[in-house]
Amino acid sequence: MITQSTAREPVPLEADGPPFYLPVGNEVEVFEAAWRRGLPLMLKGPTGCGKTRLVEHMASRLGRPLFTVSCHEDMTASDLLGRFLLSGGDTTWVDGPLTQAARVGGICYLDEVVEARPDAVVAIHSLADHRRELNLERLGGTTIQAAPGFQLVVSYNPGYQSVLKDMKPSTRQRMVAVELGFPTADREREILERETDLRGRPADELIRLGQAVRRLDHPGLREVASTRTLVAAALLVTEGLSFTDAATAAVAGPLSDDPELRNGLIAMIRAFDPGNDPAAEGTSGHAGHQAAQKTTRTTNWIQERA
Amino acid sequence: MTLHPGSNPSLAELELLASAIAGRGVTLEPGRHGVYTDGAVIYVGADVTAGAEQCRHAVVAQAVLIAAGSLDSSRMRRLSRSRPGSARRYLGLEVARACQEMDEALPGAFQAAVHPYAARVGVTGSPDESLLRAVGRTPLEEPPAWFGDLRPVAMLRSPGADGETPSDSELAKAIRAATEPEQDDEDDGERSGMLEKLSSPLRSPLGSVFQRMMGARRSSGGEGLSGSGVSVVEQHTGRAPSTARQTAQALPPSVVRAGGQLTRGAIYPEWDAGSSAYRPRWCTVGHFDPPSSDDPSVPPSGVDPRLIRELSRVGLTWRPHDAEPLGDELDLTALVDYRVAVAAGTSGEPRIYRAERRTAQELGVLVLLDATGSTSEQHEGHAIFEEQRDLAHGITTALDQLGARVATYAFYSRGRGNVRYLRCKTFEERWGVTAQRRLFALRPTGFTRLGAAIRHGTHLLDTQAGSQHRLLIVVGDGVPYDDGYEGRYAVEDTRRAIDEARSSAVGCVGLSTRRTPGSSEIWDREAHRVTATTAELAADARVLLGTALGRAGRGRAVHHVRSAS
Ligand SMILES: Nc1ncnc2c1ncn2[C@@H]1O[C@H](COP(=O)(O)OP(=O)(O)O)[C@@H](O)[C@H]1O
Ligand SMILES: [Mg+2]
């Protein structure tokens, strides 16, 4: 039985530089240092915090081809390493993405490695330790030495169960871990501006909504307002959707199976909708006109009392 | 007040917003008038239109007070002695201060609404500064009405306010109050003050007692727990008469409030044998994690090989396996590999078939451990709870090794509004050190609303096990007892819950480590064993569990357990 390879096409080098990535900490430095030393890297962080974007950015910046594998439960070691295909009367070996990356000295990115079964993950062991080699048992026991420039990068969402316990301790120890969180409000605002054309109040309120949702100590809720979903909501607003409709589709949408949570989120979204601003509509007696003029997010919006 | 078209959130819908801003679980409840909070609940008066913009702002303002730490008892005490208007001035200054501090997470519309007032009075730098200005002589404007109220007296007005240990009846009253949805407004202050104090460990010794009773987090457990809770709940007398006959219907797990905390869970009916009817939406089951303790040591997990062998024969079904030496179908991948191997001159065994083999994969088990106060009793030098816990550990380990889908939860209750499921291992999680640590961090506490616990177990098996055979193993002393839940009522409800499980094809068995008088009332002989250890269980496991699965299958096309060869 032959299944489709899960590898994506290698990301081509952009004419106008690497894809935009705004660092939240020292991850770019750590990534680059690890790459120079051939150390495998583990990116930890919630879904939608920019792990994939970081890898794409680094691959382009380091001038290495990127082989991305989105891990899933049905993925086998063959999906990573390669397999024989029947063509005519012959059998032809086709490299998997991990093998390809090792041969050409690319970066192999196993996205959401926890989703993969342990027996598939075993395939990376010999590449992740000091040997940096790949043993292709099915290809008559061929051993491939990873070319210079090769790096293994895995991403892992600590919200899920950990497959790391299934890695050999020696492998785990050889992984350099980088922990990524959601960016601060200021940085996230900057990302929103780079990724979308949304400006002004709606952009401010999306950022605030994200910050507020992340204050909730509720399993699974923090991630619904990830940087990724905020970017998506912003894109929908620039397409002409109302704030509430856009954010509902991008943020509350994935929760459709949980009506109470969803309604609560929608009520939250409404609270942040600048279209519902009484000052803007001039319907509230208390919110004055100064408020309506307040268009930019200012940290110190009131002077300290003398 | 202005209603905005298309924005008419009910109170419940605003809870998420309030919780997000407060930075902790907050609930909204109807009050008589005005909007105010006791630190855990925000009361919204009947005179406030739920959907109005200003109602939302008021709720946000109260949540902001909680987030900003404005409500601590020493300042409340000071305000309660101050001249009229001080509390509201303090409220206004604190909202303005917090609004500036938290501007990154507060709706812009709310900030804009606060802004004119804040600009007029000026923003303080700390709660103490706000307090000084609020009670001071310099004239200071009160905030607009929509900021809501601050009621320091109500927060302090409750028995035990000076921090002495509460009497049993006070605790019972507080628990009762916490589980009663309808409450006379008059009691709000007293009740909420009580709860507020109870749930704050720093405030008084009362807090730690309550926390212990509620099984909330504590740094290291174990001290002085034995039987602490059992005597405090008075007999519950006033039962609401049930009207129509209802069917047992569980809502899907969603967000519930269990014991005042927002969490995942579900609400279940309860069987009232007296009137032969279900009480609809009667019990709230919420999911929590066991308290994290500094070093819950996990003993080396020895597995009982006999238990594994016996369990491996329960729930066997036929499943296709790849790369088998014999079979009816060809396994193409294996065939290609084999051909390649032959061509390369390294032929091995031609394992090129797909074949059906008996596998234990199809078994899903939920191990439900009774972690209620009654199990903390000592018996011949051993705490019953520890024996039960070790048994649950052994069973989980064995099933996990067998590759069965297994989840392990402990439970206890504090009245019908607060049945707690404590996660040790979900179906998805590995039975690793983290999960085992959670099991060993458990300390028995609280009471035993067994029916609701069984209904929730059934529900989890139904929705999450994903296996054909499903089994609920209750490890406990089998004595159902809770506030308003005892005697025949409790026994009948529990039996009913077991019947419900069976009719939704979930097998149900009870295991006890000691012979207790109550368990025979709940479990029939076929479905219950007294087994102190996994070794004793092994001797009997196949019959016990096989029978349970067989009974659960009745009336349904479910595989029968094959006896082992
Ligand atoms: N630090 C960042 N710099 C630039 N864009 C980011 C950043 N973080 C998140 N994003 C945006 O969020 C989107 C999703 O991020 P992604 O890398 O797919 O997240 P993850 O892989 O962690 O799930 C990106 O496409 C990008 O628009
Ligand atoms: Mg990703």
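Here are a few notes on the ligand site in chain A and the aromatic pairs in chain B of this predicted model.

1. Start with where ligand 1 sits. Domain 1 (2-179) and domain 2 (185-304) of chain A both contribute residues to its shell, so ligand 1 lies between them. Helices α2 (51-62), α8 (185-195) and α10 (227-238) of chain A each provide at least two of the shell residues.

2. Who is around it? Ligand 1 has 16 residues surrounding it, and the closest are Leu22(A), Gly48(A), Thr52(A), Glu195(A) and Arg228(A). Sorted by class, the shell comes out as 7 nonpolar, 5 polar and 4 charged residues.

3. Have a look at the backbone here. A backbone N or O atom of Leu22(A) is 2.8 Å from a nitrogen atom of ligand 1. For Lys51(A), a backbone N or O atom lies 2.8 Å from a ligand 1 oxygen atom, and Arg53(A) also has a backbone N or O atom 2.8 Å from an oxygen atom of ligand 1. On its own, ligand 1 has 560 Å² of accessible area, and the protein covers 92% of that.

4. Now the aromatics: there are 9 aromatic pairs over all chains. In one of them, the ring centres of Trp271(B) and Tyr278(B) are 4.9 Å apart with the planes at 65°, so this pair is edge-to-face. Trp271(B) counts as buried at 7% relative accessibility, and Tyr278(B) is buried at 4%.

5. Tyr485(B) and Tyr489(B) make another edge-to-face pair, 5.9 Å centre to centre and with 85° between the planes. Tyr485(B) is buried, at 0% relative accessible area, and Tyr489(B) is buried at 6%.

6. One more to click on: Phe110(B), Tyr117(B), Trp146(B) and Phe147(B) are linked into a cluster by ring pairs.

Definitions and conventions: Residues are numbered from 1 along each chain as its sequence is written. Chains are lettered from A and ligands numbered from 1 in the order in which they are written. This is a predicted model: local features need pLDDT of at least 70, side-chain atom pairs count only at pLDDT 80 or more; totals for chains, interfaces and linings use all residues. Side-chain values use heavy atoms; hydrogens and water are left out. A residue is near a molecule or strand if one of its heavy atoms lies within 4 Å of it. A polar contact is a pair of N or O atoms within 3.5 Å; within protein, one must be able to donate a hydrogen and the other to accept it, and residues adjacent in sequence count only if both atoms are side-chain atoms. Accessible areas come from the Shrake-Rupley method with a 1.4 Å probe; for residues, only the protein chains shown count as cover. Helices (H or I, at least four residues) and strands (E, at least two) are DSSP runs, numbered from the N terminus. Ala, Val, Leu, Ile, Met, Phe, Trp, Tyr, Cys and Pro count as nonpolar, Asp, Glu, Lys and Arg as charged, and the others, Gly among them, as polar. Domain bounds come from an automatic or database domain assignment. Rings of Phe, Tyr and Trp (its six-membered ring) pair if their centres lie within 6.5 Å; planes under 30 degrees apart count as stacked, over 60 as edge-to-face and the rest as tilted. Buried means under 20% relative accessible area, exposed over 50%, partly exposed in between (1.4 Å probe, protein chains only).
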